[in-house]
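Thanks for sending this one over.

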Amino acid sequence: PRASAEIRAKAVEMKANGYTARFIAEALGVSVNSVFNWLRWAREGRGAGLADKAPERSSALGDVERRELASLIESTTPEEHGFPFHLWTREIVADVIEQRFGVRFTPRWAGRILRDLGLSPQRPKYRSDRQGPEAVERWRTETFPA
């Protein structure tokens with residue numbers, strides 16, 4: 001398992017106090033390679049490498065593009081973009097992003113973008129186009145309760 005930021009900071013402190021990398025590794029229960037990496041990061045001023053959370057990466061899609069994508073998904077259907085399907089899928093969203101913004105995402109990553117936009121997977125309600133409202137009401141009030 002990855003060592004915590006506290007362990008990494010302790011390793012840097014121990015080295016500053018004159019301990020060897022091998023001693024630090026044994027004392028903290030980590031590999032010597034890890035200790036050398038942490039010490040190098042500290043020397044190079046890469047404090048983010050010693051922190052628990054990895055630094056945020058900037059997305060290939062900015063806020064403006066994300067808002068445009070959300071608006072596009074909410075106001076159009078895939079058919080309007082040349083797809084032979086009426087429902088949005090992650091694959092279709094990834095293709096639309098590539099067509100519209102020139103950035104290729106995997107369907108899985110497109111799903112993450114959708115989630116970040118507050119859009120969740122939905123299933124259509126399947127209803128027969130031949131069902132009669134009177135028959136449905138009769139089934140709901142008489143047949144089903146019985």
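1. Ground rules. This is a predicted model, in which local features need pLDDT of at least 70 and side-chain atom pairs count only at pLDDT 80 or more, while totals for chains, interfaces and linings use all residues. Residues are numbered from 1 along each chain as its sequence is written, and side-chain values use heavy atoms, with hydrogens and water left out.

2. Overall build. The protein chain has 8 helices and 0 strands, so called from DSSP runs (H or I of at least four residues for helices, E of at least two for strands) and numbered from the N terminus. Read from that end, the order of elements is α-α-α-α-α-α-α-α. The radius of gyration is 28 Å, well over the 15 Å that the globule rule gives for 146 residues, so the protein chain is more spread out than a compact globule. That radius is taken over C-alpha atoms, and the globule rule is 2.2 Å times the number of residues to the power 0.38. Along the principal axes, the C-alpha atoms fill a box of roughly 85 × 50 × 20 Å. Of the 146 residues, 23% count as buried.

3. In general, side chains of opposite charge can pair when their charged atoms come close. Glutamate 98 pairs with arginine 104 at 3.2 Å, N to O. Arginine 104 is partly exposed, with a relative accessible area of 45%. A network of salt bridges links Asp95, Glu98 and Arg104.

4. Please look at arginine 100 and glutamate 68, which form a salt bridge with their closest N and O atoms 2.9 Å apart. Arginine 100 belongs to helix α6 (residues 90-101) and glutamate 68 to helix α5 (residues 63-75), so this pair ties together parts that are 32 residues apart in sequence. Arginine 100 counts as partly exposed at 47% relative accessibility, and glutamate 68 counts as partly exposed at 32%.

5. Arginine 40 and glutamate 44. These two side chains also meet in a salt bridge, at 3.7 Å from N to O. Arginine 40 is partly exposed at 31% relative accessibility, and glutamate 44 is partly exposed at 45%.

6. The positive patch. Which residues form the positive surface patch? They are Arg90, Arg108, Arg112 and Arg115. Patch members have over 30% relative accessible area and no salt bridge, with like charges joined within 9 Å and nonpolar side chains (Val, Leu, Ile, Met, Phe, Trp, Tyr) within 5 Å. Lys and Arg count as positive and Asp and Glu as negative, leaving out His and the chain ends. Helix α7 (residues 107-116) supplies the largest share of the patch, 3 residues. Arginine 115 lies in helix α7 and counts as exposed because its relative accessibility is 56%. Arginine 90, by contrast, is placed in helix α6 and counts as partly exposed at 42%.

7. Valine 64, in helix α5, is exposed with a relative accessible area of 56%; its C-alpha atom is separated by 14 Å from that of leucine 114, 50 residues apart along the chain. Glutamate 26 sits in helix α2 (residues 21-28) and is exposed at 60% relative accessibility. Between the C-alpha atoms of glutamate 26 and aspartate 116, 90 residues apart along the chain, the separation is 42 Å. Tryptophan 41, in helix α3 (residues 32-43), is buried with a relative accessible area of 18%. The C-alpha atoms of tryptophan 41 and lysine 125 are 54 Å apart, and the two residues are 84 residues apart along the chain.

Key
Areas by Shrake-Rupley, 256 points an atom, 1.4 Å probe, with all protein chains shown as cover. Salt bridge = Lys/Arg side-chain N within 4 Å of Asp/Glu carboxyl O. Charge placed at Lys NZ, Arg CZ, Asp CG, Glu CD. Buried < 20%, exposed > 50% of the residue type's maximum accessible area, 1.4 Å probe, protein only.
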